[in-house]
Amino acid sequence: MADTQNRRVVVTGLGATTPLGGDVPTTWQAVLDGTPGATPLAQDWAQLYGLPVTFAAQLAVPPIEVLAKVETRRLDPSAQYALIAAREAWADAGSPEVDGERLGVVVASGIGGVWTLLDQYDVLKEKGARRVFPLTVPMLMPNGPAAAVSLELGARGGVHTPVSACASGAEAIGYAAEMIRSGRADIVVAGGTEAAIHALPIAGFAAMQALSTRNEDPGGASRPYDTSRDGFVLGEGAGIVVLESEEHARSRGAHVYGEIAGCGITSDAHHIAAPDPVGAGAPRAIPPAPAEPDGAPSDVVHINAHATSTPVGDVAESASIIKALGSAADGVAVSATKSMTGHLLGAAGAVEAIFTVLALHHRLAPPTINLTDLDPDVHLDVVIDKPRALAGGDLLALNNSFGFGGHNVALAIRSAS
Amino acid sequence: MAHSEQEILSGLAEIVNEETGLPVDSVELDKNFTDDLDIDSLSMMTIVVNAEEKFGVRIPDDDVKNLSTVRDAVSYIHQAQG
């Protein structure tokens with residue numbers, strides 16, 4: 001194929017299932033409305049196990065309401081969410097005709113099929129090996145959701161699952177963009193999924209003191225940048241985008257939401273869970289990596305921040321943004337949408353990439369809720385309570401994602417021209 | 001109390017429906033699990049284990065491969081009830 005290097009990568013389809021809605025339009029409207037997504041847990045894990053956290057940002061529409069019963073039996077919840085989001089994204093892209101060998105899938109997960117793993121361990125202990133479900137391994141493996149999406153769409157151009165904790169979803173989109181840029185694929189379905197609202201992950205995060213314990217006020221618990229923030233709110237769901245070479249999208253007259261202008265990926269090598277306090281790693285990911293100098297810092301008008309609502313992380317990210325953008329950070333509309341969705345771990349970067357694409361598409365930076373007293377160590381122009389209008393013209397935005405292990409990913413997204 | 005062959009057929013059909021989504025009335029005695037119902041070996045194991053629980057029988061793995069048709073399974077379970 002002629003000149004397949006450095007092709008431009010556009011976004012032609014969006015799909016999601018989140019704590020705010022079962023699809024992208026419902027979720028986006030809830031974000032603009034400043035709707036909190038966290039609710040009390042249905043399970044009485046506090047009573048059973050002494051869990052100190054009794055709420056989470058649980059999926060708004062249970063998969064059983066949209067999938068066939070057989071699909072819910074044979075797929076881990078993480079794969080169910082991915083399939084729901086992928087179907088929406090693919091339909092939104094107009095169900096494009098594409099050679100399966102030119103179609104790729106990159107769907108990430110931070111934790112993988114933890115429900116299957118733990119449920120089947122219970123079966124093993126209680127009923128013995130013979131009763132363990134034969135699909136246990138394909139259901140618990142972290143590449144299960146990507147595989148399920150590839151089976152659905154007939155994608156034979158490569159199926160991948162980056163695993164980088166809470167940066168996974170963004171890394172998936174970056175990897176997918178590179179597949180198109182380098183000429184490996186014409187279309188890649190990419191994103192992240194997570195279904196880890198289970199007692200064990202909650203207990204583990206709580207043991208790290210990473211979770212908010214504001215049990216009396218779930219909706220007010222995720223409060224990025226607020227002085228009274230006390231940890232993140234565990235969320236679940238999936239976000240999937242359809243990425244396409246600009247040439248391919250134009251040739252079929254596809255609707256273009258925006259462009260993946262670049263993806264910066266760095267690592268801290270500082271600590272397994274804590275961010276580098278001097279911001280040595282993250283700023284090197286922001287803006288796009290040196291190899292992809294598409295968009296100077298001064299172009300950036302909006303950032304969907306990682307901003308999980310942890311005391312240390314939010315301040316470290318603020319320092320990183322200032323360090324990366326310098327005075328160009330002034331007036332950049334920073335949104336912390338985890339204040340509404342909670343933290344979707346491996347899906348967060350993908351769902352927030354969708355928000356970033358839509359913010360440019362609709363020229364509206366989403367609000368940050370629960371921010372009543374801005375931490376004096378946060379020197380950012382945070383969009384609070386109401387959406388903020390963005391200017392017209394050619395705009396660039398960033399979507400930051402950081403993960404345990406020292407993973408830093410910054411996606412640069414440009415408005416559609 | 002032993003189940004009749006008709007009860008076993010309808011119970012088996014429910015298990016197959018649960019596992020595969022096939023309509024209950026498509027599970028007929030003459031149907032071949034692999035060729036007609038498109039049930040793979042992994043699904044077959046789940047169906048067997050669920051049938052063991054439902055009908056209180058034991059179907060050793062070595063015998064499962066001889067259960068080609070729905071009739072084979074119904075007869076096996078009926079006799080295994082003792």
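Mentor: Start with A:Lys338. Beyond its neighbours within four places in sequence, A:Lys338 is in contact (heavy atoms within 4.5 Å) with A:Ser222, A:Ala305, A:His306, A:Ala307, A:Thr308, A:His343, A:Ala348 and A:Glu352. A:Lys338 sits in helix H13 of chain A, residues 338–341. Helices here are DSSP runs of H or I with at least four residues, strands are E runs of at least two, and both are numbered from the N terminus. The relative accessible area of A:Lys338 is 1%, so A:Lys338 is buried. Buried means under 20% relative accessible area, exposed over 50%, and partly exposed in between, with a 1.4 Å probe and protein chains only.

Some ground rules. This is a predicted model, in which local features need pLDDT of at least 70 and side-chain atom pairs count only at pLDDT 80 or more, while totals for chains, interfaces and linings use all residues. Residues are numbered from 1 along each chain as its sequence is written, chains are lettered from A and ligands numbered from 1 in the order in which they are written, and side-chain values use heavy atoms, with hydrogens and water left out.

Now the domains of chain A. Domain 1 covers 9–251 and domain 2 covers 262–415; the bounds come from an automatic or database domain assignment. Their contact takes 65 residues from domain 1 and 61 residues from domain 2. The C-alpha centres of the two domains lie 20 Å apart. Between them about 4500 Å² is buried, and carbon and sulfur atoms give 70% of that area. Buried area is the accessible area (1.4 Å probe) that two parts lose on being put together, summed over both.

The rule finds two salt bridges between domain 1 and domain 2 of chain A. A salt bridge is a side-chain nitrogen of Lys or Arg within 4 Å of a carboxyl oxygen of Asp or Glu. A:Asp375 pairs with A:Arg229 in a salt bridge, with the closest N and O atoms 2.9 Å apart. On the side of domain 1 that touches domain 2, the elements giving two or more residues include helix H1 (24–32) and strand E7 (237–245) of chain A. H8(A) gives the largest share of that side, eight residues. By class, the side has 33 nonpolar, 23 polar and nine charged residues. Ala, Val, Leu, Ile, Met, Phe, Trp, Tyr, Cys and Pro count as nonpolar, Asp, Glu, Lys and Arg as charged, and the others, Gly among them, as polar.

Next, chain B against chain A. The contact takes 18 residues from chain B and nine residues from chain A. The buried area is about 1200 Å², with 42% from carbon and sulfur atoms. In chain B, B:Glu18, B:Glu19 and B:Val49 lose the most area to chain A, together 42% of what that side buries. The rule finds six salt bridges across this interface. In one salt bridge, B:Glu52 meets A:Arg130 at 2.8 Å, N to O. Helix H1 (5–20) and H2 of chain B each supply at least two residues of the side that touches chain A. H2(B) gives the largest share, nine residues. That side divides into five nonpolar, six polar and seven charged residues.

Finish on B:Thr46, in helix H2 (residues 41–55) of chain B. B:Thr46 counts as buried because its relative accessibility is 6%. Outside four places in sequence, B:Thr46 is in contact with A:Arg73, A:Phe133, A:Pro134 and B:Glu19.
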